[in-house]
Amino acid sequence: MFEDLAGKFDAIFKKLRGRGKLTAENVSEAVRDVKRALLEADVNYKVVKKFAAVVQEKAMGSAVIDSITPGQQFVKLVHDELTAIMGGAARAYKFHTNRVNVVVLAGLQGSGKTTACAKLALHFRKQGHRPLMAACDTYRPAAVDQLETLGRALNIPVYADRKAKPLAIAAAAVDEARRGGQSLVIVDTAGRLHVDAGMMAELKGICAAVKPDETFFVADAMTGQDAVNVAAEFHREVGFTGAILTKMDGDARGGAALSILDVTGVAVQFIGVGEKPDGLELFHPERMASRILGMGDIVSLVERAQEASDLESSKKLEKKIRRNLFTLQDFLDQLRQIKKMGSLSDLLAMIPGMGNQVKDAQIDGTMMVKIEAIICSMTPRERDKPLIIDGSRKKRIALGSGTTVQDINKLLKQFDNMKTMMKRMTKIAGKRGAGAAMRNLTLKD
Ligand SMILES: Nc1nc2c(ncn2[C@@H]2O[C@H](COP(=O)(O)OP(=O)(O)OP(=O)(O)O)[C@@H](O)[C@H]2O)c(=O)[nH]1
Ligand SMILES: [Mg+2]
């Protein structure tokens, strides 16, 4: 996420730290560099101008210049200001418990509304809500199918009516939710190529009919400032309570995330980080600022790990590690859990200090794929007792997994080393740290 911008900030801070002492001149130079980096990331120029002015003024204050660690203070200052322009603290959603809540999604064609509809439904279901999705995009027959497919996959009900108009569908969906005891209706609407009067009228009509608790503008983060300009137009016409920036897992430069609040007055609430329904994160401005500045985002990393693993199986795993019964099958299970958490380079980027090194490290996941293929070609007995894997078994496994005998030797050797290390680490870390120690190992190898 925002690798390019992160790299530029890294270079600016390095240069500043190299100066030893901060003076008016080198602060000005750094602020100029920050300004350029933000403009190149497609941040709105008015936002950049304001941002630079605030940073310049505060940096010249005695709290920064006269401190013992002026370089670090400058970084902190930029971090705080980045957090502020993205909206400060994340919002906690509190929906009504005594009636049906309604969320309406709107945005341009292909921005990710339908996907976001399913993502939000899943997100709020995890928090105890009973969502219903309303298929109000009646312009493309496939749109209703798309939502129904998502609903089936997630086991979330969809209200659709292929003969009715969007306004009537939205209203009927809310009635249906009331009858069916659903607590939240998420309305998927049609996207248009650009903002047009007909679309606005329809949206206004839907909002007047269902009186949404939240209206989210869904924008493709990859389109940068264009997304922000469209958001501003939408907001003037319909009024939003928040924005969802999608495709943040792509190579979005940061322009949309950093400008949208200042330009439209509406803060980003969620970000889309993948095509699948679990690819949604609550937007935390402070964590995002940390990520942009290469300070890592350990809180999000821990949250992802918790979501991907269940307590029961991690307890079982710790027991196995302690008794030195850890097998290749367990190793495979762990690898798959890590994969569930996202791409390896994304995860590494969240570790403080790693952010800017990851992009050079060329972590492409092919190693994980190879290991998975090798272990999958082994019999259960081989996974349990790797010692029985002799020359002819190795040949069979190599053939089955499309790898070489050397690859298998390498994996077995690594696994052996890992077990030895684990034994040592469990002794040091004691009972509770064993699982964490093991996760560290798999990430490094
Ligand atoms: N990588 C990535 N892809 C996404 C994300 N959100 C949506 N997509 C993809 O973007 C494409 C469009 O998504 P949709 O949800 O169909 O967009 P839409 O706004 O409903 O489109 P229309 O209904 O045609 O206006 C699909 O291929 C999605 O898989 C995301 O966060 N990350
Ligand atoms: Mg759609």
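Predicted model: local features only at pLDDT ≥ 70, side-chain atom pairs only at ≥ 80, totals over all residues.
Q: Good. So which residues come nearest to ligand 1?
A: There are 20 residues around ligand 1, and those that come nearest are Gly112, Thr114, Thr115, Gly191 and Gly272.

Q: Which helix gives the largest share of that shell?
A: That would be helix α6, residues 113–126, which supplies three residues of the shell around ligand 1.

Q: And how does the shell around ligand 1 split by class?
A: It has 13 polar residues, five charged ones and two nonpolar ones.

Q: Let's step back. How many helices and strands does the protein chain have?
A: The protein chain comes to 21 helices and eight strands. It has 445 residues, of which 40% count as buried.

Q: What share of the contacts with a separation of 6 or more joins residues 24 or more positions apart?
A: Such pairs account for 73% of those contacts in the protein chain.

Q: On to the sheet. What's the strand order?
A: The order is β3-β2-β4-β1-β5-β6-β7-β8, in an open sheet of eight strands with mixed pairing.

Q: Which strands stand at the edges?
A: Those are β3 (158–159) and β8 (280–282). Each has a single partner strand, so one side of each is left without a neighbour in the sheet.

Q: What about β5, is it enclosed or open?
A: Six of the seven residues of β5 are buried, so this strand is largely enclosed by the rest of the structure.

Q: How does β5 pair with β1?
A: In the parallel sense, over four bridges; β1 covers residues 101–106. Within that pairing, valine 104 has threonine 215 in β5 as its bridge partner.

Q: And with β6?
A: β5 and β6 are also joined in the parallel sense, over five bridges. Aspartate 220 stands opposite threonine 246 in β6.

Q: How many bridges join β6 to β7?
A: Three bridges join β6 (residues 242–246) to β7 (residues 268–272), and the two strands run parallel. Leucine 245 has isoleucine 271 in β7 as its bridge partner.

Q: Changing topic: how many residues are in the largest nonpolar core?
A: The largest nonpolar core has 101 residues. Those with the most contacts inside it are Met133, Ala134, Ala135, Val185, Ile186, Val187 and Ala243. Helix α6 gives the most to this core, with seven residues.

Q: Where does that core lie relative to the domains?
A: Domain 1 (3–85) and domain 2 (101–295) both give residues to this core, so it lies between them.

Q: What does isoleucine 186 touch?
A: Leaving out residues up to four places away in sequence, isoleucine 186 touches Val103, Leu105, Cys117, Leu120, Ala121, Pro131, Met133 and Ala134. There's also a second, separate core of nine residues, and Ile371, Ile374, Ile375 and Met378 are among them.

Q: How many residues of α11 are buried?
A: Nine of the 10 residues in helix α11 (residues 255–264) are buried, so the helix is mostly covered. Among the buried ones are Leu258, Ile260, Leu261 and Asp262. Glycine 265, which follows α11, has a positive phi, near 85 degrees.

Q: What's the phi of lysine 247?
A: Lysine 247 has a positive phi of about 60 degrees, although it is not a glycine. It is found in the loop between β6 and α11, and it is buried, with 23 other C-beta atoms within 10 Å.

Q: Last one: is methionine 222 buried or partly exposed?
A: Methionine 222 is partly exposed, with 19 other C-beta atoms within 10 Å. It lies in the loop between β5 (214–220) and α10 (225–237).

Q: What does methionine 222 touch?
A: Not counting residues up to four places away in sequence, methionine 222 touches Lys247, Gly250 and Ala252. Its C-alpha atom is separated by 7.1 Å from that of arginine 253, 31 residues apart along the chain.

Terms used
Residues numbered from 1 in each chain as written. Chains lettered and ligands numbered in written order. Near = placed C-beta within 6 Å. Nonpolar A, V, L, I, M, F, W, Y, C, P; charged D, E, K, R; others polar. Core = buried A, V, L, I, M, F, W, Y, C linked by C-beta atoms within 7 Å. Buried ≥ 20, exposed ≤ 12 C-beta atoms within 10 Å, placed from the backbone. Domains from an automatic or database assignment. Contact = placed C-beta atoms within 7 Å. Pairing = 2+ DSSP bridges.
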